[in-house]
Each structure stands twice: as structure tokens, then as C-alpha cells.
Amino acid sequence: MDYNYHTHTYLCRHAFGEIEEYIKRAVDNGIKYMGFSEHAPLRFPDGYESDARLYVANIEKYFNTIRELREKYSDKIDIIIGFEMEYYTDLFDEMLEKVKGYGAEYLILGQHYFIPENIKGSLHTSVPDDGEERLSGYVDSLIEAMDRGVYTYIAHPDVFRFMGSDEIYEYHMRRLCKASADKKVPIEMNFYGIRDNRNYPDSRFWKIAGDEKSPMTFGFDAHTVESAYDGESLEKALALVEKFNLNYIGKPSIIKLT
């Protein structure tokens, strides 16, 4: 594996370590293509700004720091700069124009919420739920996002922690995997979930993805220097590819923002 397009920085306040150290770790372990995909800054109309994202005030620092390091290591690694960004139907056009204006070169879709998090009652997708309504809404939002044509891939598509019936889970996640295959939008097997023993990768999901031949790729989802290359999780991910006969495409084709 010589690529990783899912990398965070200390600027999101839940990742740790100097940005240059992430690059050194990647280079030392054979990564030739690297993407920084910090959580996209978003200040809502009511003034709310999440403390789990890049603050708007730090946008310039984020881009300037990585641009300088990109130049410094240009003979060793190809670095692009972008964001991991949610898809919110009513806010999307404005969000897209803003991240383009900031200088984002690519996006990955990280749907931690599908109802904007400033709205009362909005829940993180990892909150356990046994009802069909939220699961259906989550899948609907991802399929709609695919049609926008700007997301390089879907990060941790199996993050939704559904505790209801397997039949309901399979119905909706099969809709998602079919859409991924039909629209040729890759889904990511997320290494943060592997190394942190989270509810994802979810075997139920990846069995469906294997059935539908959804294109899939890997992402370290690095929040520490050590995870800028995660060989232990890579071995486990490759075993899952074999187990579920997954359509692993390797390095994804980057959708460049213009």
C-alpha cells in the first residue's frame, strides 16, 4: 500500500503530533501518495462552530503549513490538501463553494451526522440506534452525496451503529452498496475502526459490499503520527478483503476540485 488520503492534524483538536512527523512516518514506510483531509470547517448561520473540526480561524494555518511541507518533501511524496466533509442537503452548495475558496483540492465524505449538528436532536452516526428511520436517512444522504460528483470516496460507510434487525440493516446497506457500484464511487475500509476496536469495520456491511462488488479502498484515518502508516491494521484489512471477496481497487482516483 503506497497511498493514504485520510489524514488529520492536531488542528481538529482530537488528533496529536506535528504535521511534519506524519509526513516523515508516511515516507519512511513507502507511502508515495498522501492526502490531508482535516474535518472541514463549518460555522453555521447561528454562529455554532464544532470543536471537533478545523476552526475557521485556522484555515490559513492548515493550508500554509502543509503547502510548505509539501514543497519540502516534494521529491519523496506527492501530497494533496483537502477535507473530510459531511453532506448536508440544504447547506451543501454553500459548503462546497467555501472549501473551494479556501483552496481544498479534494474531498472525502465523512458522514458523522446527516442532520446538521447544530440542530437540536441531531445525533452522531455512531450513537446506537435500533430504529429504521435514522438508518434510512443516513443511507439516503450518502446516495444523494454520490450524485454530486465531488467526493473522491465515502469514508467509513459502516460507521452507523445500527442495533435493530439484520433484515432492515441489510436492506438499506444494500441500497448503499448498489449505489456505490452503479455510480462507481468507492467506499473506504477505515483503519481507525480496526485499530481502536470500534463498531466498524462491520462484517454485515462488508459481506454486502462483497456481494455487490462495490469498489473499495483503504484509509488510515490517521489521528496520530504512528497511524500515518498502520501496518498492523493493513494486514487485518487485507484479510477482510479476502474473506468477503471485496472489490479492492487500491489507490482511488482523486476527484479534483476546480
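Q: Which residues of α4 meet residues of α5 in this predicted model?
A: On the α4 side they include E132, L135, Y138, L142 and M146. On the α5 side they include I168, H172, L176 and K183. Contact here means heavy atoms within 4.5 Å.

Q: Why are α4 and α5 called roughly parallel to each other?
A: Look at the axes of helix α4 (residues 132–146) and helix α5 (residues 166–183). They come within 10 Å and cross at roughly 0 degrees. Angles under 35 degrees count as roughly parallel. Therefore α4 and α5 get that name.

Q: How many aromatic pairs does a search of the whole structure find?
A: The search finds 16.

Q: Why is the pair of Y62 and F83 called stacked?
A: The ring centres are 5.7 Å apart, and the planes stand at 20 degrees. Pairing needs centres within 6.5 Å, and stacking needs planes under 30 degrees apart. Both conditions hold, so the pair is stacked.

Q: What makes this a link between distant parts of the chain?
A: Y62 is in helix α2 (residues 59–72), while F83 is in strand β3 (residues 78–85). They are 21 residues apart.

Q: How do you know whether Y62 and F83 are buried or exposed?
A: Y62 has 0% relative accessibility. F83 also has a relative accessible area of 0%. Buried means under 20%. So Y62 counts as buried, and so does F83.

Q: What makes the pair of F63 and F83 edge-to-face?
A: Its planes are 85 degrees apart, with 5.7 Å from centre to centre. Planes over 60 degrees apart count as edge-to-face. F63 is in helix α2 and F83 in strand β3, 20 residues apart. F63 is buried, like F83.

Q: How do you know that R13 lies over the face of Y55?
A: R13 is at 3.5 Å from the ring centre. The distance limit is 6 Å, and there is also an angle limit of 35 degrees from the ring normal. K251 lies over the face of Y33 in turn, at 4.8 Å from the ring centre.

Q: Why does E212 count as buried?
A: E212 has 18% relative accessibility. The cut-off is under 20%. So E212 counts as buried. E212 belongs to helix α7 (residues 203–212).

Q: What joins the side chains of E212 and K178?
A: A polar contact of 3.5 Å joins them. Leaving out residues up to four places away in sequence, E212 touches R174, C177, K178 and A181.

How values were computed
Residues are numbered from 1 along each chain as its sequence is written. This is a predicted model: local features need pLDDT of at least 70, side-chain atom pairs count only at pLDDT 80 or more; totals for chains, interfaces and linings use all residues. Side-chain values use heavy atoms; hydrogens and water are left out. Rings of Phe, Tyr and Trp (its six-membered ring) pair if their centres lie within 6.5 Å; planes under 30 degrees apart count as stacked, over 60 as edge-to-face and the rest as tilted. Helices (H or I, at least four residues) and strands (E, at least two) are DSSP runs, numbered from the N terminus. Buried means under 20% relative accessible area, exposed over 50%, partly exposed in between (1.4 Å probe, protein chains only). A polar contact is a pair of N or O atoms within 3.5 Å; within protein, one must be able to donate a hydrogen and the other to accept it, and residues adjacent in sequence count only if both atoms are side-chain atoms. Axes are lines fitted to C-alpha atoms, for helices over the stretch in contact, and angles run from 0 to 180 degrees between N-to-C directions. Angles under 35 degrees count as roughly parallel, over 145 as roughly antiparallel, 65 to 115 as roughly perpendicular and the rest as oblique.
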